[in-house]
Amino acid sequence: SEILGRITHLAMAYHLTGNAAYAERGKAETLNLVRFQDWNPAHFLDTGEAALAAAIGYDWLYDSFTAKEREEIRRALVEKALLPGLAENPWWRFGANNWTQVCHAGLLAAALIAAGDVPDIAAKTVANAVNSQETVMRESYSANGIYPEGAAYWQYGTGFQAATMAMLH
């Protein structure tokens, strides 16, 4: 999504250059995102991407936020991603396509950020992400690495899969 790219690029530019203007804009983008009413849980791909974006902003720009702002981000991750992610048993939870990869990447990032605030919710979220890996990896990559959804979705899903694997590592 655009916001995920924007926050990631601004935070990376800040770390590569030390230019505080990048951090300030990344901070503003992150706070704007967490202040949305919701992250469109009816189309949970949006929620997954928003959660990953907010988590990256929180982590990579941590020192730019006040303690109150960090708490606001963690609360948004819980209320707008983690709780909706556990509210029902969505089809993508143990699926074998890009939805599984995107949704779990965002939820896993949210869980890692908010674990100190909501350890039980975070633990359930991490367990769901871990338990989804065998199916999504087997079904997405076992046919000689040919992604069943085609090249464009290979790029999309695999980027989130790589983020999930890095977080689990």
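Trainee: Is Glu69 buried or exposed?

Mentor: Glu69 counts as buried, because its relative accessibility is 15%; buried means under 20% relative accessible area, exposed over 50%, and partly exposed in between, with a 1.4 Å probe and protein chains only. Keep in mind that this is a predicted model, where local features need pLDDT of at least 70, side-chain atom pairs count only at pLDDT 80 or more, and totals for chains, interfaces and linings use all residues. Residues are numbered from 1 along each chain as its sequence is written, and side-chain values use heavy atoms, leaving out hydrogens and water.

Trainee: Which side chain meets Glu69 in a salt bridge?

Mentor: A salt bridge puts a side-chain nitrogen of Lys or Arg within 4 Å of a carboxyl oxygen of Asp or Glu. Here Lys27 is the partner of Glu69, at 3.2 Å from N to O. This pair links distant parts of the chain, 42 residues apart: Lys27 belongs to helix α2 and Glu69 to helix α4. (Helices are DSSP runs of H or I with at least four residues, strands are E runs of at least two, and numbering starts at the N terminus.) Lys27 is buried too, at 14%.

Trainee: How many salt bridges does the structure hold?

Mentor: There are 9. Among them, Asp117 pairs with Arg74, with the closest N and O atoms 2.5 Å apart. That pair spans 43 residues, from Asp117 in the loop between α5 and α6 (119-141) to Arg74 in helix α4. Arg74 counts as buried at 16%, whereas Asp117 is partly exposed at 42%.

Trainee: What does the side chain of Arg70 reach?

Mentor: Arg70, also in helix α4, is buried yet has no salt bridge, and the nearest side chain of opposite charge, Asp63, is 5.4 Å away. Its side chain reaches the backbone oxygen of Phe65 at 2.6 Å. Beyond its neighbours within four places in sequence, Arg70 is in contact (heavy atoms within 4.5 Å) with Tyr58, Tyr62 and Phe65.

Trainee: Which residues touch the most other members of the largest nonpolar core?

Mentor: Such a core joins buried Ala, Val, Leu, Ile, Met, Phe, Trp, Tyr and Cys residues through side-chain atoms within 4.5 Å. Among its 41 residues, Leu33, Val34, Trp39, Ile73, Leu77 and Leu82 touch the most other members. Helices α1 (2-17), α2 (20-34), α3 (44-60), α4 (67-86) and α5 (98-114) each give two or more residues to this core. Val34, for one, has contacts outside its sequence neighbourhood of four places that include Trp39, Ala54 and Ile73.

Technical notes
Lys, Arg positive; Asp, Glu negative; His and termini not counted. Polar contact = N/O pair within 3.5 Å; in protein donor to acceptor, adjacent residues only side chain to side chain.
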